[in-house]
Amino acid sequence: MRAQFVMSEIGVGLRRNLTMTFAVIISVALSLALFGGSLLMSEQVSRMKGYWYDKANVSIYLCNKQDAQEAGEAANSGGGGAGGVATCRKGAVTDEQKKQIESELKAMSLVKSVTYESADEAYKHYQEQYGHTALASSITPDQMQESFRVKLKNPEKYKVVTSAFAGRDGIHTVDDQRQAIDDLFRILNYLNMAAVGIMAIMLIVALLLIVNTVRVSAFSRRRETGIMRLVGASSFYIQVPFIMEAAVAGLIGALFACVMLVSGQYFVIDHGVGLRDKIQLIDFMGWGSVLAKLPYVLFIGLLMPSMAAFIALRKYLKV
C-alpha cells in the first residue's frame, strides 16, 4: 500500500464533502470539549470535597439565658417547643455541663480537636462578618451562644457526635457544616451530570454525521472503488482512505476541543474573568490537571471517528 495514494485519496474525500466534514469537525470539537470539561468538573468537585470536608466542623451550640427564657415561655403557653428551644427548658448551660461536654468530646477517638468559643468571641466574629448589615446593630453579646467547634479525624463520622450530644440538657443545637457543603456539591454534581448528558447527545450527533459523511464519500467514489476491487485490491486497502478521512476530521475537532479547554483555563480561571482571584474560597485546579486531560481528548477524537467509519463501511456499504 502506497502512502502517497492513501494521502491523495484522503485529500480528495475531504474536498468533495467539505461542508459535511466541517460539520463533523464542529460537532466533534463541541462534544469533546464537553467531555474534557466534565472530566475537569468531576475532578474539581472531588478536590473541593477534600478541601472543604477537612475544614468542616461540628458545632455544638450551648443554651444561654435568652434560650432558657424562650423555652419557658413556650412551655407556659402550651407549646412543646421545637429543636434547641425545648432542650433549654432547664436553664442556661452551667459550668459543670460545659466541662462534662468538653471532657466527653476529647475522650472520643474520632475527635481531632475541640475549640471553645465564648459568647463575646462569637459576638466579635459576628460583627466582623455581618457588622455592615442593619440586623447587626440590634444584636448584643448576651444573645450570642457559647459553642464548641469540633474537628473530626474523619468528617464522614459527624453523625456519631450529633447522636451523642443532640437533645442533652444545656445544648441548644448540634450543627454540622458538612450538611450545608453537601447541598452545594449536590448542585455541582447535577450540573456535571447535565454536561455529561449534553456531551452524550453531541457525541451521537457527531457519530451520525461521520457515518453519513463516510457513506456519501464512498458513494461518490463507487466507480473508483469498483475498479480497485476488479484489480484485486483487498477490502481493507479500499477502506483505509475513508477511515483516515474520518480520523483526520476527528483529530482536527479534538485539537479545537483542546484549544477550548486551554482557553477556558487561561481566560476564565487564571486571567480575563479571573475566577481564581475573585473566588478565593474555591481551590481551582491548575494547568497540570487541564494538560493531563488533553491526551484523552485527542485519543477519543482519533479513535471515535475511525471506529464509526469502519463500522459504517462494513455494515452499510459493504465495500
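## Exercise 1: an aromatic pair between strands

Tyr116, at 32% relative accessibility, counts as partly exposed, where buried means under 20% relative accessible area, exposed over 50% and partly exposed in between (1.4 Å probe, protein chains only). The model is predicted: local features need pLDDT of at least 70, side-chain atom pairs count only at pLDDT 80 or more, and totals for chains, interfaces and linings use all residues. Residues are numbered from 1 along each chain as its sequence is written, and side-chain values use heavy atoms, with hydrogens and water left out.

Task. Classify the pair formed by Tyr116 and Phe148, and state which strands hold the two rings.

Solution. 
1. Rings of Phe, Tyr and Trp (its six-membered ring) pair if their centres lie within 6.5 Å; planes under 30 degrees apart count as stacked, over 60 as edge-to-face and the rest as tilted. By this rule the structure has two aromatic pairs.
2. For Tyr116 and Phe148 the centres are 5.5 Å apart and the planes make an angle of 55°, which gives a tilted pair.
3. Tyr116 belongs to strand E2 (residues 111-117) and Phe148 to strand E3, 32 residues apart, so the pair links distant parts of the chain. Helices (H or I, at least four residues) and strands (E, at least two) are DSSP runs, numbered from the N terminus.
4. Phe148 has 1% relative accessibility and counts as buried.
5. The rings of Tyr266 and Phe267 are edge-to-face, because their centres are 4.9 Å apart and their planes stand at 80°. Tyr266 is partly exposed at 36%, and Phe267 is partly exposed at 49%.

## Exercise 2: the disulfide

Task. Find which cysteines are joined by a disulfide, and give its handedness.

Solution. 
1. A disulfide is a pair of cysteine sulfur atoms within 2.5 Å. The whole structure contains one.
2. Cys63 is joined to Cys88, with an S to S distance of 1.9 Å.
3. The torsion about this S-S bond is about -75°, so the disulfide is left-handed.
4. Cys63 sits in the loop between strand E1 (58-62) and helix H3 (65-76), and Cys88 in the loop between helix H4 (84-87) and H5, so the bond ties together parts that are 25 residues apart in sequence.
5. Cys63 is buried at 1% relative accessibility, and Cys88 is buried at 0%.

## Exercise 3: salt bridges

Task. For Glu146 and Lys98, state the N to O distance of the salt bridge, and then say where the two residues lie.

Solution. 
1. A salt bridge is a side-chain nitrogen of Lys or Arg within 4 Å of a carboxyl oxygen of Asp or Glu. The count by this rule is eight.
2. Glu146 and Lys98 meet at 2.8 Å, N to O.
3. Glu146 is in the loop between helix H6 (119-130) and strand E3 (147-152), while Lys98 is in helix H5 (residues 95-107); the two are 48 residues apart.
4. Glu146 is buried at 17% relative accessible area, and Lys98 is buried at 15%.
5. In Glu102 and Lys106 the closest N and O atoms are 3.2 Å apart. These residues are four apart in helix H5, which means a separation of about one helical turn. Glu102 is partly exposed at 25%, whereas Lys106 is exposed at 54%.
6. Arg276 and Asp270 form a salt bridge at 2.8 Å, N to O. Arg276 is partly exposed at 28%, and Asp270 is buried at 17%.

## Exercise 4: the nonpolar cores

Task. State which residues of the largest nonpolar core touch the most other members.

Solution. 
1. A nonpolar core is a set of buried Ala, Val, Leu, Ile, Met, Phe, Trp, Tyr and Cys residues joined through side-chain atoms within 4.5 Å.
2. The largest core has 30 residues, and those touching the most other members are Val28, Leu32, Ile210, Val214, Val297 and Met304.
3. Two or more residues come from each of H2, helix H8 (177-220), helix H10 (235-270) and helix H12 (287-317).
4. Apart from residues up to four places away in sequence, Met304 touches Val28, Leu203, Ala206, Leu207 and Ile210. Contact means heavy atoms within 4.5 Å.
5. A second, separate core has 18 residues, among them Val93, Met108, Tyr158 and Phe165.
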